[in-house]
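Me: I am new to this structure. Please walk me through it, one question at a time.

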Amino acid sequence: MLRRQFSPSRLRESVVEWVLFCCSSVSIFVTAAILFVLLIETVIPFGGVKPFFGHVSMWEFFTETRWTPTFSEKHFGVLPLVCGTLLVASIGACVGLPLGILSAIYLSEYAKPKTRGIVKPILEILSGMPTVVYGYFALIFVTPYIVQPIFHSLLGLEVDSTNALSAGIVMGVMIMPMVCSLSEDAIRAVPRSLREAGYALGSTKYDVSLKVVVPAALSGIVAAFLLAMARAIGETMLVAIAAGNNPRLTLNPLKSIQTMTTFIVNTTKGDTPSGTIEYQSLYAVALCLFVITFAMNVVSHAVMRRFREVYH
Amino acid sequence: MTPPSRVPPLAAPIASAELQQALTRKSAVRPAEVVFSSLCLLAAWSSLGILCVLVGTVVWKAGGYLDWQFLTSFDSQRPELAGIWAGLLGTSWMIFLTFTTAIPIGVGAAVYLEEYARETWIVRFIRVNLSNLAGVPSIVYGILGLTVFVRMFDMFSREGIITRLSGRHIEAIVIAGVEIPLPFGTTLASGALTMSLLILPVIIVATQEALRSIPPSLRHASLALGATRWQTVRYQVLPAAVPGIMTSIILSISRVIGETAPLIVVGAVGFARFAPGKIGSLKDLADHPSGLLQAPFGKYTVMPVQIFNWVGQARQEFQGIAAAGILVLLGLLLILNGVAIIIRNRYQKKLRW
């Protein structure tokens, strides 16, 4: 009969397994730590310090239309920041989504392998570009050479030197590679038989792409869209450089605005002392940002799982 | 009785020339098709155009500012004297410290998930959590680092819990002559730890992929010869997966190099006239080698933060300086990606499963 005997090698095996398990549980600790850190400054009183929502009511936070945490007359309405964030992100989506999805269709349905071999690395370079570079590009090139000539010189509108439009356009360029590669994955996962059935019925490439492949890959494309939007909402340096630092509730993309991320990065730069309400407002905004992007990520992954189940 | 069905009249014989024409005529192409396919083409190639314009703008703006003096000097209020040396050193330190903490944990986690884990609820939870963590905005990691590493929950402040419990206000501990401030404050250590948390999901997912590409037969052979699970991983699977892991790690270095926002939050300074540990040249290294140990606990800057600082300067010349900085940054990224591609190609040829 075999007996489980104590041996150094068996001990080593279990120690190793335990250590490796600890490594992989670090990711859970990170998530827990993020939640804990955000909640103790905003909702849960910790160490005798009154949290942010002890000073400012949730109602005020979500309905007040002014955001002036550093002024002597303080107002904590997150709406201008959320509005600025969504403005830039939706302009980004308007630019990045069509570009990304069309290039994904091109790469998977039309392009020869050789063309793919050229376009794919370019997209990889674009997606690996540091976001400060995109910010610089928006500020130095897009605003003075594209946005201002069109909207100021041609249409006579007033354009701020930092504005939501330039940041949004470049945001679109930034998310395009991501949309493209995720949608391409979704499109490639559509079984060949569907395409061949389409061609056998006499459809052209156009019909097959638009009426068979894209609808079949739609949930994958939606997931790509959500992930890209989450990325655009969480993007910091691009908007900090090119979109301005001026919290205001406006839908005019030619004005300088402030996003949630810009507020965080500019306020911590000033080294706000901890325990003050300005400092806590950082966490309130970060919590808001975290909840929005986390929800979008969760939904997107759920959609993607559903999509995979359909074809596997 | 049903009436006899009428026989359709035979079609008039078509003149053979007409038939020929009908058969060979191309069907009219719908305009929508042409428009759509050219839109697709345009969208895909627009990336090339954008890249050219982007790089062109930077090169044009950087004209005259990128020289040896720029690479080897510290920052300055005067644009003609400003340089990126502090950022280059800071970025190198950042890469080194980030990856010495992130690689063991990341590779360990991936090995557990791929080689050991059974499908229990906790493993499933870790997997889902990993993909969600990868989508958390980097600035949120900055806030995490600010609280956990820079301030350490204010435990060491005058009213902090440690001060109350121990009755003393601890500001730093000294280990082997190295003064470690508590809390870490806005030091390189805080930045590197924050960065390693940020990069962890990337490393784990990439290493998992590298491990998955190793065929199971390799593991089976090793186990069949009596090797234990850890011996199989340690001596067979990991060595075979090294090229894949290396490639992904080099690619995630480029993420660390470009990441800016969390480092601003955890206090990388924008204007630095010093090197980490006061080691800015080989002569400094010879003079006080102990600076190497002190460097992680001092203030620092990194390249993208310097660039951000220059972009925000009022004087026009600093836009040129910023462009020069961007070129250095892009050059470094190009080199790293080149190395990654070389490693990938080299081993792809060598290893055929």
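**Helix, hairpin and interface**

Me: In α2(B), which residues are buried?
Reply: This is a predicted model. A residue of it counts as buried if 20 or more other C-beta atoms lie within 10 Å of its own. In α2(B), that holds for Ser37(B), Cys40(B), Ala43(B), Ala44(B), Ser47(B), Leu54(B), Val58(B), Lys61(B) and Ala62(B).

Me: How far apart are the end C-alpha atoms of helix α2 of chain B?
Reply: The helix covers residues 31-62, which is 32 residues. At 1.5 Å a residue, it should span 46 Å. The distance in the model agrees with that: 45 Å.

Me: Where does α2(B) bend?
Reply: The bend is about 30°. It falls at Trp45(B).

Me: Which residue follows α2(B) with a positive phi?
Reply: Its phi is near 90°. The residue is Gly64(B).

Me: Which helix gives the largest share of the side of chain A that touches chain B?
Reply: In the contact between the chains, 68 residues of chain A meet 65 residues of chain B. The largest share of chain A's side is 19 residues. They come from helix α1 (residues 8-42) of chain A.

Me: How many residues on that side of chain A are nonpolar?
Reply: Four are charged and 17 are polar. The nonpolar residues number 47.

Me: What stands opposite Ala172(B) in β2(B)?
Reply: Strands β1 (residues 172-175) and β2 (residues 178-181) of chain B run antiparallel, joined by four bridges. Opposite Ala172(B) stands Pro181(B).

Me: Which residue of the hairpin of β1(B) and β2(B) takes a positive phi near 50°?
Reply: The hairpin has two residues between the strands. The residue with that phi is Ala176(B).

Conventions. Residues numbered from 1 in each chain as written. Chains lettered and ligands numbered in written order. Predicted model: local features only at pLDDT ≥ 70, side-chain atom pairs only at ≥ 80, totals over all residues. Expected span 1.5 Å × (residues − 1). Bend = angle between axes of the 7 residues up to and from the residue. Buried ≥ 20, exposed ≤ 12 C-beta atoms within 10 Å, placed from the backbone. Contact = placed C-beta atoms within 7 Å. Nonpolar A, V, L, I, M, F, W, Y, C, P; charged D, E, K, R; others polar. Pairing = 2+ DSSP bridges.
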